[in-house]
Amino acid sequence: MLTHAITPDPRYQFAAEVRAGLTKNPQKELPSKYLYDDVGSALFEVISVLPEYGLTRADERLLRRHAYEIVDQLPRPVIVAELGSGSGKKTRWILEALCSRQRTYYCPIEISRTALAMCERELRDLESISIVGFEREYLDGLLEVAARREQDEHLLVLFLGSTIGNFDRPAGTKFVREVRRILQPGDALLLGTDLLKPIPELIQAYDDPLGVTSAFNLNLLARINRELDADFNLQRFKHEARFNPEARSVEMHLSSTRKQTVSIPAADLSVSFDEGETIWTESSHKYSRHEILQLALATGFRCQAQWIDDKWPFAENLLIAE
Ligand SMILES: C[S@@+](CC[C@H](N)C(=O)[O-])C[C@H]1O[C@@H](n2cnc3c(N)ncnc32)[C@H](O)[C@@H]1O
């Protein structure tokens with residue numbers, strides 16, 4: 001796999017965003033994209049097989065069952081760009097269906113080098129595939145893929161796993177509109193969205209009894225220690241998952257178990273925490289199926305088809321650019 005690497009200094013960028021997030025008042029924050037370093041990407045793979053986290057299995061079931069039906073609704077020829085591919089395991093079903101009809105160019109776009117490497121290992125055995133990975137942020141990567149396509153080629157953009165839920169609703173709409181701007185009429189976006197379900201089920205999915213999600217969340221502080229020479233004591237923070245009814249999202253926080261001060265030399269920052277004060281690290285917004293039809297209309301797409309899982313409410317939505 002060819003990999004195009006990020007060019008700006010990532011450590012400097014990380015330090016700047018940590019500084020900006022931890023000096024926010026009253027709610028300290030850290031961007032969720034930094035959850036995914038080597039350790040975080042490996043832990044996410046474990047989360048995806050936990051019994052409490054039904055989301056990945058639902059997404060996978062829908063892709064496995066409907067891959068040929070999905071592919072039949074796409075124009076030809078098509079090249080595939082996947083935003084935040086992770087390990088690419090579920091993508092295999094779509095790529096297999098596509099490869100059975102044409103040689104397929106697949107471009108995973110990932111901020112995590114580890115995830116890109118896993119993705120290549122996972123999918124390289126497919127016949128008739130060329131994989132070119134982009135170690136980039138979503139839209140930068142998508143612009144590059146779009147610029148490389150031939151005139152007669154359409155684009156299929158995959159945004160699976162309900163990763164769109166990490167944006168709040170206005171930001172999610174803006175993001176899909178930006179994706180649409182890069183596309184041409186007839187191009188497609190296959191969007192996975194987790195649907196609202198009872199709150200206890202949602203909380204368990206983000207706070208499993210084995211503590212894997214807790215480790216995934218705490219690893220963000222460990223990463224700041226490793227990469228920015230900080231002195232977070234991981235014993236003094238605990239993972240929390242909360243449902244925010246107004247936003248219809250599950251929020252992950254790291255709560256300080258005591259009054260303390262942490263030093264982050266590479267971000268030129270010393271930051272104080274009160275007992276019980278939290279750092280907000282991720283949101284996972286939940287949708288209704290109807291909302292996705294509205295999202296499509298508001299962003300220059302039409303929803304061509306929607307498939308819903310029968311075990312874990314989750315929708316796979318095929319949006320076509322108007
Ligand atoms: C929730 S995981 C989902 C992975 C996979 N799509 C799935 O459904 O299992 C989100 C993935 O997006 C990547 N990611 C997060 N923010 C990103 C960004 N701004 N640009 C590119 N990739 C990003 C992460 O590294 C991670 O692998």
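1. Let's start with the pair formed by aspartate 309 and arginine 61. In this predicted model, the two residues form a salt bridge, and their closest N and O atoms are 2.7 Å apart. Aspartate 309 sits in the loop between β13 (301-308) and β14 (314-321), while arginine 61 belongs to helix α3 (residues 54-72), so the contact ties together parts that are 248 residues apart in sequence. If you look for this pair in the viewer, note that aspartate 309 and arginine 61 are both buried.

2. A second pair to look at is arginine 169 with glutamate 291. Their salt bridge has its closest N and O atoms 2.6 Å apart. Arginine 169 is part of helix α7 and glutamate 291 is part of helix α10 (residues 289-298), so here the parts tied together are 122 residues apart in sequence. Are these two residues buried or exposed? Arginine 169 has a relative accessible area of 18%, so it is buried. Glutamate 291 also counts as buried because its relative accessibility is 15%. The cut-off for buried is under 20%.

3. Now for a pair with other surroundings. Aspartate 274 and lysine 259 meet through their side chains in a salt bridge, at 3.4 Å from N to O. The aspartate lies in the loop between β11 (269-273) and β12 (278-285), and the lysine lies in the loop between β9 and β10 (260-264), so this pair ties together parts that are 15 residues apart in sequence. Aspartate 274 is partly exposed, with a relative accessible area of 43%. Lysine 259 is exposed, and its relative accessible area is 64%.

4. A word on salt bridges as a group. How many does the structure hold? The count is 28 salt bridges. Some residues are joined in a network: Glu17, Lys33 and Glu137 are linked in this way by salt bridges. As background, side chains of opposite charge can pair when their charged atoms come close.

5. Helix α7 deserves a point of its own. This helix covers residues 169-182, which makes 14 residues, and from its first C-alpha to its last it reaches 20 Å, close to the 20 Å expected at 1.5 Å a residue. Which of its residues are buried? They are Arg169, Gly172, Phe175, Val176, Val179, Arg180 and Ile182. Viewed down the axis of α7, these buried residues fall within an arc of 160 degrees, so they line one face of the helix. The face turned away from that buried side carries Pro170, Lys174 and Arg181, which are exposed.

6. The start of α7 has a feature you can check by eye. Aspartate 168 caps the N-terminal end of the helix, with a side-chain oxygen 2.9 Å from the backbone nitrogen of alanine 171. Arg169, listed among the buried residues of α7, is the arginine that forms the salt bridge with glutamate 291.

7. On to a sheet. Four strands form an open sheet in the order β2-β12-β9-β8, and the pairing is mixed. The edges are β2 (28-29) and β8 (237-244); each has a single partner strand, so one side of each is left without a neighbour in the sheet. β8 runs antiparallel to strand β9 (residues 249-256), and eight bridges join the two.

8. The bond from asparagine 25 to proline 26 is cis, with omega near 5 degrees. Proline 77 lies in the loop between α3 and β3 (78-83).

9. Finally, two serines have a positive phi. Serine 128 has a phi of about 60 degrees although it is not a glycine. Serine 128 lies in the loop between α5 (113-123) and β5 (129-135) and is partly exposed, with a relative accessible area of 31%. For serine 162, phi is near 60 degrees, again a positive value in a residue other than glycine. Serine 162 is in the loop between β6 (154-159) and α7, and this residue is buried, with a relative accessible area of 6%.

Notes
Residues are numbered from 1 along each chain as its sequence is written. This is a predicted model: local features need pLDDT of at least 70, side-chain atom pairs count only at pLDDT 80 or more; totals for chains, interfaces and linings use all residues. Side-chain values use heavy atoms; hydrogens and water are left out. Two strands pair if DSSP finds at least two bridges between them. The expected span of a helix is 1.5 Å times one less than its number of residues. Buried means under 20% relative accessible area, exposed over 50%, partly exposed in between (1.4 Å probe, protein chains only). The arc is that of the directions from the helix axis to the C-beta atoms. A polar contact is a pair of N or O atoms within 3.5 Å; within protein, one must be able to donate a hydrogen and the other to accept it, and residues adjacent in sequence count only if both atoms are side-chain atoms. A salt bridge is a side-chain nitrogen of Lys or Arg within 4 Å of a carboxyl oxygen of Asp or Glu.
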